[in-house]
Amino acid sequence: MPSPILAPRGTYDLLPPASTLRASLEARMRVLAQGYGYGEIRTPIFEATELFERGVGEGTDIVEKEMYTFVDKGERRMTLRPEFTAPVVRAALEHKLFSVGPQRFFYIGPIFRYERPQKGRYRQPHQFGVECYGYAEPEADVEVISLAWQLVRSHGISDARLQLNSIGDAVCRERYREALLAYLRPLAPTLSEDSQRRLERNPLRVLDSKDPRDGEAVKNAPHMLEHLCDPCAQHFSTVRALLDALSIPYDVNPRIVRGLDYYTRTVFEIVSNSLGAQSTVCGGGRYDNLVASLGGPDVPAVGFALGIERFEMILSAGGAEPAPPRRGVQAIALGAQARARLLLLAQQLRERGTTVFMDLADRKVAAQFKLAERNGARAGVILGSDELATGELVVRDLVERSDVRLSLDDTEQIAAVLERMGA
Ligand code: ATP
Ligand code: MG
């Protein structure tokens, strides 16, 4: 026998009822983002490889190691999107959206990264993110941070912490780069191969390394915050004051740099202890140079990306997921004739928006009640041959365990009774 084919390593199937929980989480994310004035953007799952090479930056883990890249039949180099920001900018430029003023987008969907699968790390993870374009003001930073924070708060997540830093701009980061290089150069032999290779071109990258061999050097490295130029320092202190005014708690963590090239000034992460080693659920910041570097006008931007699997892990660790309420109706027929009649009633109820589950095989009544349990049905409508003869059916509240006999032809009344039961 041929061996069965399994899902690719690092991917997973989302089955009911987990898929229902996922769909409602996504629905809450949509409502939240729309409430802040953000509109959904959906871009293709693959793009020209060059978009990510330019947008994410060479020398990043993503571009160096993690992209799913292939050559299509037209000899074009294509890459499954490893992140959304570069595609969003590409789309906004393509549709000339930046010429009409500020833009606010959110996205939900899969990304693809060739990573070593482990707890909280997949090859097709999913992200929710928002991007705000056209505002250099610190209010925009605080708008996206407060949106992320509201998502966390509204799910009763209490162990999440917001970590904040500033990595400056082209002016002051150059000075910091020199200071960091002067500090790191003598330590170079102790660093990981990746960090040694990236040291001269982009020493900030070393700070974002996850390799334990880099830990000691990173721990004692000079901080960007001490090198901020006046405008960047001013921006950072306004962000902090606005967060205070909104009662959003945060820690300043000078070690947060974010892995991507395009960040400027504010960077932040939301971390949770319940995640273990992969503790970051949300990462974001300002990226004022990205649009121009992809050939567009000078458009400042700020946003974040949140890992949906990690968010779900926090929810299930906190036991914060309520059992879904019982809903819907199990149509229970005994015999083919009763089933044909119930099919009509089921149709009428479904047209009114009621969920109706129905077994289509000739199963005993007890087996059908078991199915009702599995479906989480709130009520049952039961039609046997006796009832069929008298023109009645039984409506049972499966939680309260009470029965009502109603006329089979009175769909109005059946619907009203089911509604009162909360089915
Ligand atoms: P990490 O440090 O965990 O590798 P990252 O810096 O690569 O994260 P970003 O590119 O900023 O992550 O993505 C934002 C969020 O998306 C992360 O904080 C995480 O929650 C989620 N994420 C990223 N990569 C993965 C992955 N391979 N599996 C699951 N979630 C992921
Ligand atoms: Mg990563």
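**View 1. Contact between helices H13 and H16.** Leu345, Gln348 and Leu349 in H13 meet Thr411, Ile414, Ala415 and Leu418 in H16, where contact means heavy atoms within 4.5 Å, and helices (H or I, at least four residues) and strands (E, at least two) are DSSP runs numbered from the N terminus. By class, this contact of H13 with H16 holds 5 nonpolar, 2 polar and no charged residues; Ala, Val, Leu, Ile, Met, Phe, Trp, Tyr, Cys and Pro count as nonpolar, Asp, Glu, Lys and Arg as charged, and the others, Gly among them, as polar. This is a predicted model, in which local features need pLDDT of at least 70 and side-chain atom pairs count only at pLDDT 80 or more, while totals for chains, interfaces and linings use all residues. Residues are numbered from 1 along each chain as its sequence is written, chains are lettered from A and ligands numbered from 1 in the order in which they are written, and side-chain values use heavy atoms, with hydrogens and water left out.

**View 2. Packing of helices H1 and H5.** Helix H1 (residues 18-35) packs with H5 at an angle of about 145°, their axes being 11 Å apart; axes are lines fitted to C-alpha atoms, for helices over the stretch in contact, and angles run from 0 to 180 degrees between N-to-C directions. Met29, Leu32 and Ala33 in H1 meet Leu147, Gln150 and Leu151 in H5, and the residues of this contact of H1 with H5 divide into 5 nonpolar, 1 polar and no charged.

**View 3. The nonpolar cores.** Phe128, Tyr133, Phe304 and Phe311 touch the most other members of the largest nonpolar core, which has 90 residues; such a core is a set of buried Ala, Val, Leu, Ile, Met, Phe, Trp, Tyr and Cys residues joined through side-chain atoms within 4.5 Å, and buried means under 20% relative accessible area, exposed over 50%, and partly exposed in between (1.4 Å probe, protein chains only). Helix H5 (residues 138-154) supplies the largest share of this core, 9 residues. Not counting residues up to four places away in sequence, Phe311 touches Leu25, Met29, Leu151, Val152, His155, Ile157, Val281 and Leu306. A second, separate core of 22 residues includes Ala338, Leu393, Val395 and Leu418.

**View 4. Thr43 in its loop.** Thr43 lies in the loop between strand S1 (39-40) and strand S2 (46-48), and is buried, with a relative accessible area of 12%. Leaving out residues up to four places away in sequence, Thr43 touches Arg81, Pro87, Arg90 and Ala91.
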